[in-house]
Amino acid sequence: MTVGCTRDVNVIPGLPTTTNTERLDLLDDENYVMGFTIIGGEHWLRNYHVVTTMHEIITTTAAAEENKRPVTVVLESYVVDVLKGTRRRTREAMAHDGSGDAVKILW
């Protein structure tokens with residue numbers, strides 16, 4: 001996989017799209033960063049760009065040094081034009097995190 005390559009994606013049922021064509025814009029294996037732009041497909045997204053990063057942090061369950069353990073936090077940030085007339089329910093379907101909880105909508 002190299003920057004500039006594209007892939008066709010079949011999107012999971014329930015989202016307001018069926019297919020996407022994505023272009024890889026950023027790939028940094030050393031720093032665990034990936035970014036892509038949706039450039040085609042059957043969807044209503046315009047100017048959609050996403051960057052995903054992974055970060056290792058150390059957590060503790062108690063003050064003792066031996067209770068420290070590493071965990072990975074995945075952050076995804078995206079930019080997309082919201083089309084006039086788009087329903088809030090549709091926007092919320094696209095703004096979901098991995099646990100199934102809706103992410104706070106800021107528009």
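Trainee: What percentage of the 107 residues of the chain count as buried?
Mentor: Keep in mind that we're looking at a predicted model. A residue counts as buried when its relative accessible area is under 20%. For the 107 residues of this chain, the share that passes that test is 22%.

Trainee: Okay, and what pattern does the chain follow along the sequence?
Mentor: Start with the pieces: there are one helix and five strands. Then read them off in sequence order, and the pattern is β-β-β-β-β-α.

Trainee: Which residues make up the largest nonpolar core?
Mentor: Look for buried nonpolar residues joined through side-chain atoms within 4.5 Å. Strand S3 (33-42) and strand S4 (46-59) are the elements that give two or more residues to this core. The core has seven residues: Phe36, Ile38, Trp44, Leu45, Tyr48, Val50 and Val80.

Trainee: Let's zoom in on Phe36. Which residues does Phe36 touch, not counting those up to four places away in sequence?
Mentor: Phe36 belongs to that largest nonpolar core. Heavy atoms within 4.5 Å make a contact. Going by that, the partners of Phe36 are Glu22, Arg23, Leu24, Asp25, Tyr48, His49 and Val50.

Trainee: Glu22 is on that list. Is Glu22 buried or exposed?
Mentor: You'll find Glu22 in strand S2. Beyond its neighbours within four places in sequence, Glu22 has contacts that include Cys5, Val9, Thr37 and Ile38. Its relative accessible area is 6%, and the cut-off is under 20%, so Glu22 is buried.

Trainee: Which residue's side chain is joined to that of Glu22 by a polar contact of 2.7 Å?
Mentor: Arg7 already turns up, along with Thr6, among the residues in contact with Glu22. The polar contact of 2.7 Å runs between side chains, and the partner of Glu22 is Arg7.

Trainee: What about Leu27: why does Leu27 count as partly exposed?
Mentor: Leu27 also sits in strand S2, which covers residues 19-28. Partly exposed is the class between buried, under 20%, and exposed, over 50%. Leu27 falls in that class because its relative accessible area is 30%.

Trainee: Last one: how far apart in space are Pro70 and Ile58, C-alpha to C-alpha?
Mentor: Pro70 lies in strand S5 (residues 69-81). Pro70 touches Glu56, Ile57 and Ile58. Pro70 and Ile58 are 12 residues apart in sequence, while their C-alpha to C-alpha distance is 4.4 Å.

Methods: Residues are numbered from 1 along each chain as its sequence is written. This is a predicted model: local features need pLDDT of at least 70, side-chain atom pairs count only at pLDDT 80 or more; totals for chains, interfaces and linings use all residues. Side-chain values use heavy atoms; hydrogens and water are left out. Helices (H or I, at least four residues) and strands (E, at least two) are DSSP runs, numbered from the N terminus. Buried means under 20% relative accessible area, exposed over 50%, partly exposed in between (1.4 Å probe, protein chains only). A polar contact is a pair of N or O atoms within 3.5 Å; within protein, one must be able to donate a hydrogen and the other to accept it, and residues adjacent in sequence count only if both atoms are side-chain atoms.
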